[in-house]
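Please keep the sequence and the coordinates at hand while reading.

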Amino acid sequence: LNSMNFNAYVIGNHEFDWGLDIISKYKDGDTSNGELNIPFLGANIYYKGTNTHPSWISPFTIVNSNGYKVGIIGIIGESQYDSISSDKRENYEFKNTDNLIKKYSSLLSEEYECDSIVLATHDYSQTLNQRYVNIEGVKIDAIFNAHTHELVSEYIEREDGYKVPCVQSNTKNGNVGTVIYNPDD
């Protein structure tokens with residue numbers, strides 16, 4: 001993954017399959033067990049009953065691309081919780097995505113002065129994407145979906161008329177999802 005130069009890695013339901021602590025080893029500073037040089041994202045993954053993320057999971061990251069600052073918010077779908085074995089999720093909860101998307105998009109836009117906001121979500125439905133695009137006060141510029149293993153290339157119109165590209169790259173590495181975005185257009 002390091003050699004592929006990804007900007008972020010969004011936690012999904014299968015990262016819980018053997019216990020979330022297994023994947024955390026890629027961020028523990030011990031190079032003998034492998035280290036991932038990109039952030040693990042999961043804005044809505046918290047220790048159960050707290051307001052604390054696991055220390056190695058970030059809610060967002062910022063990427064500089066062609067002179068633009070792009071904020072990437074990563075979430076796992078709230079519905080994914082029930083697809084994870086109860087013993088593997090017992091110490092975690094997935095908080096309300098809409099509130100967190102609003103919180104972090106505001107932070108990225110205002111405090112970090114990002115030119116664009118991208119949502120990377122381990123979940124997909126057109127209805128869900130419409131919900132995210134229409135969160136009051138949020139201006140998402142693209143959505144990268146996962147989980148359903150579908151080939152998705154669609155647009156959801158924002159309130160201001162901008163058509164938000166939404167992609168998912170199918171399954172078994174047969175496709176690559178690409179969004180070409182120019183904030184000046």
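Does D98 count as buried or exposed? At 18% relative accessibility, D98 counts as buried, where buried means under 20% relative accessible area, exposed over 50% and partly exposed in between (1.4 Å probe, protein chains only).

The model is predicted, so local features need pLDDT of at least 70 and side-chain atom pairs count only at pLDDT 80 or more, whereas totals for chains, interfaces and linings use all residues. Residues are numbered from 1 along each chain as its sequence is written, and side-chain values use heavy atoms, with hydrogens and water left out.

**Salt bridges**

A salt bridge is defined here as a side-chain nitrogen of Lys or Arg within 4 Å of a carboxyl oxygen of Asp or Glu. Side chains of opposite charge can pair when their charged atoms come close. A search of the whole structure finds 5 salt bridges, including those tabulated below.

| Salt bridge | N to O distance |
|---|---|
| E78 and R131 | 3.9 Å |
| D98 and R131 | 2.7 Å |
| D141 and R158 | 2.8 Å |

The side chains of E78 and R131 meet in one of these contacts. E78 lies in the loop between β6 and α2 (86–89) and R131 in helix α4 (residues 126–133), so this pair ties together parts that are 53 residues apart in sequence. Helices (H or I, at least four residues) and strands (E, at least two) are DSSP runs, numbered from the N terminus.

R131 also forms a salt bridge with D98. Because D98 belongs to helix α3 (residues 97–111) and R131 to helix α4, the pair ties together parts that are 33 residues apart in sequence.

D141 is in the loop between α4 and β9 (142–145) and R158 in the loop between β10 (151–157) and β11 (163–169), so the contact ties together parts that are 17 residues apart in sequence. D141 counts as buried, at 4% relative accessibility, and R158 is buried, at 7% relative accessible area.

Strand β5 (residues 60–65) pairs with strand β6 (residues 68–76) in the antiparallel sense over 6 bridges; two strands pair if DSSP finds at least two bridges between them. Opposite F60 stands I73 in β6. The two strands, β5 and β6, form a hairpin with 2 residues between them, and N66 in the turn has a positive phi of about 50°.
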